[in-house]
Amino acid sequence: MGPLRSKKRRPTFRRLLKTSGMKLENKLKNRQLKQENVAKKQRKEQKRLRQAMKGATLQIPRPLETYRKRPEEEEEEEEFLESLPTDMLDEEDLQQMTAMARKASFITRDLSSCGSVHSGKKRGADVVRGYEKVPRKMARMEEKEVIHLLPFKDKSGVIPRSVERAKQPRKEEEEEEEEEPAETAEPEEDEGASSSYVEMTPEEREQFRVNTLNMKKQRIATLASAIISDPLNNMKRVKEMRGMMMEADPCVAVSVRKMVMVSLTEVFKDIAPTYRIRPLTAAEKNTKVKKETQQLREFEESIVSQYKFFLEDLEQTIKDWKQKKRKRSQAVSVQSYRGLAEVSVRCLCELLLTMPHFNFHNNIIVTLVPLMNDPLKKVSDMCCDAFRKLFHDDRVGGASLATVRVISGLIKSLNYSVRPEVLRTLLSLRIKEVEMRKDLEATAPKKKFMTNKEKKKNLSRMQRKWKKAEEKLEKELLEAEASESKDKKIKLHTETLNIIFLIYFRILKKAQKSVLLPAVLEGLANFAHLINLEFFDDLLNVLQNLIQSGDLTNRESLHCIQTVFTILSGQGDALNIDPLNFYSQLYTILMRLHAGAPNEDIIIVLRCLDAMLTRRRKQVTLQRAMAFLKRLSTLSLHVLPNASVGILAANRATMHSFPKCDILLDNEIQGSGFYLAELDEPEHCNAQNTALWELHTLQRHFHPVVRQFAAHLSRGAPSEGSAALSMELCRRSPLELFEDYSVKDMTFNPPVASPASKKKDQFVDGAMLLDDELQKRVESILSAAEDTHLDFTATHH
């Protein structure tokens, strides 16, 4: 038998390569650890040296004798020193000896210290020895980037290879170094200019200011055009423009800062991308990318940083105005802070509306929401208008949700003492669909039409293949639409509406007597159709108590009634609630309205009538409908023309919903009793015993549309025939007619036609008189009237 073969397998070439790679990594790690340990030791030694040198400088040598000598001893010492021979000593040696004698430390230790004589000798020697070993100037340890190459194998083994990566010199540092000397020379020029500016006359100062301002304008225009033309390479110009916001020349500082703010706002609106820029992860930073991709990344990083700094500058300007801070530089006076702050607010509002997709949008919202409650009306209106436009233009709902959250926090922090305009901005929200609480059957997952097993049983192989391709195509089409998901939109709107109702219910519970109550009632009337069923009972009780308290105005009471009937006409239709009390309240309020009251209250009345009579016609009795018809006809005599048109249009809809109301057009009495016009109960006022005589009066109204409606209703509101309305009038709702014939501009709508011109007959004295005797009589009377002098001061007793 031959020798036994070794069971140990020889390593393959791949295993050798793998092992060599691990060894290389371990060597690199060990080398880095050694370098870190050496640097750590050097830092420790330098720290010890600094402490030793600091201790040596702080120690002040003191003389051995600190007591005060007597005058006799001082005289004897002087005589003894004079008697000594000085020929053997030079003056320098004498001075050196005198200095050494004053220092007691050259003989022994410092007496002021209490340590032992030989303590610290060894340690001090080590410190000095270590100080000698340390180089005079520490070499800067630069991290070298190494590129590992493929190894090659030799007889001795595997030999690794690596090459250092060459670094490109940074041009930015060289440019900054070149710019520094130029910046240092500016103060001297400013000092010379300020000294010459004081010596100028007022005319020269104004001319100097105009010239300086023109130069600044040209500089701003040049920088802005350069940035817009090539944003990738000219982002440094943005930094230069931001530097001009700190203009130090007092004569043009305010104007220049305002122009820079507006210019930078337009620049960012132009160059900002249409997406949100996120920070790169560590893995993305270490990944090697193309040159174009790296350039795009640098541009995105620079624009985000510059945009952030610009927003901080605008916010700081507003804070300085609020806090009335006086800066060290006297360039801008305290009186100019308000103008700068207004421009800053305008710029922030512009960025809020035009760049909702970009970074820091929520930061702008947090800055502007408190300014909605600012005492200065101009700033407050500016912010409120901006948020109204934001709510109206927000298609998805993300920006609206962020704004409503901040508004809720502001109202709660200020303890509900905010302006009503802050809450009225919420009426501009475009919330039409929300996620209601559904039943278990509706929320259960829907069963698929066909399972995989059923497909295999019922479909052929080719049909299954076509089905799979069809599903894939539908999925790709949904991804290609690039539109926001409807579910996401409904989810955001639901969360927004929950916060709004939280604000409203807090105010109804804790601050019913505040100035915010009208805005709350108006908001509830606007979003009442979206309230969940859980809150209906409590909300109806609260609104009923508010109306019966008598503390509400006509508009607030109308908002409460509108909220109740909006709820009952929507989800609350299933509830068993009799709103007879609210019918009586509206019937009472109608008699308080007139042309001197706000005309906008009629809009709420028309909405309430539509919800109470037209939509709920099956729950309304004929007696109640006739009572409202009579009272509305009476009201149409006392309001403005457009309100009369809207009320008569509502009466037309009521007569179509209740055809038996035509008995009011007859003069005969339908039953016992008399019509009680002042009674506030529509069910018991005996409206069937009266007639709509107001329609005959309205047929002589100056407004042509009022005359048309009055004539139409007096004939029973027919849909066809000569008494029917034109298609233009009958197709429009009462609210549309109210808006179309509005008299906001204090002009007639439609305009009143000018009267036809009539030529007056011209009479000549005596030209038309044929009788000579009568002509003489007229002339004698006229001549007598000219000669007599009339005295109007005389009085008859």
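**Salt bridges, rings and core**

There are 23 salt bridges in this model, where a salt bridge is a side-chain nitrogen of Lys or Arg within 4 Å of a carboxyl oxygen of Asp or Glu. The model is a predicted one, so local features need pLDDT of at least 70 and side-chain atom pairs count only at pLDDT 80 or more, while totals for chains, interfaces and linings use all residues. Residues are numbered from 1 along each chain as its sequence is written, and side-chain values use heavy atoms, with hydrogens and water left out.

Take D313 and R242 to begin with: they form a salt bridge, and their closest N and O atoms are 3.5 Å apart. D313 is in helix α11 and R242 in helix α8, residues 236–243, so this pair ties together parts that are 71 residues apart in sequence. Helices here are DSSP runs of H or I with at least four residues, strands are runs of E with at least two, and both are numbered from the N terminus. Is R242 buried or exposed? R242 is buried, at a relative accessible area of 16%; buried means under 20% relative accessible area, exposed over 50%, and partly exposed in between, with a 1.4 Å probe and protein chains only.

R732 and D740 make another salt bridge, with 2.3 Å between the closest N and O atoms. R732 is partly exposed at 21% relative accessibility, and D740 is also partly exposed, at 36%. R419 and E421 meet through their side chains at 3.7 Å, N to O, and E421 counts as partly exposed at 26%. R219, R237 and E240 are linked in a salt-bridge network.

Now the rings. The count of aromatic pairs is nine; rings of Phe, Tyr and Trp (its six-membered ring) pair if their centres lie within 6.5 Å, with planes under 30 degrees apart called stacked, over 60 edge-to-face and the rest tilted. Y307 and F360 are a tilted pair, 6.3 Å centre to centre with 40° between the planes. Y307 lies in helix α11 (residues 291–323) and F360 in the loop between α12 (337–354) and α13 (361–368), so the pair joins parts 53 residues apart in sequence. Y307 is buried at 0% relative accessible area, whereas F360 is partly exposed at 22%.

On to the core. The largest nonpolar core has 159 residues, of which L368 and L423 touch the most other members; such a core is a set of buried Ala, Val, Leu, Ile, Met, Phe, Trp, Tyr and Cys residues joined through side-chain atoms within 4.5 Å. Beyond four places in sequence, L368 is in contact (heavy atoms within 4.5 Å) with residues including V345, L352 and F387.

Across the chain there are 32 helices and two strands, and 31% of the 797 residues count as buried.

Finally, confidence. Mean pLDDT, the predictor's confidence in each residue from 0 to 100, is 78 for the protein chain. Residues 169–192 stay under 50, with two contacts beyond four places in sequence. Where pLDDT is low, the predicted coordinates should not be read in detail.
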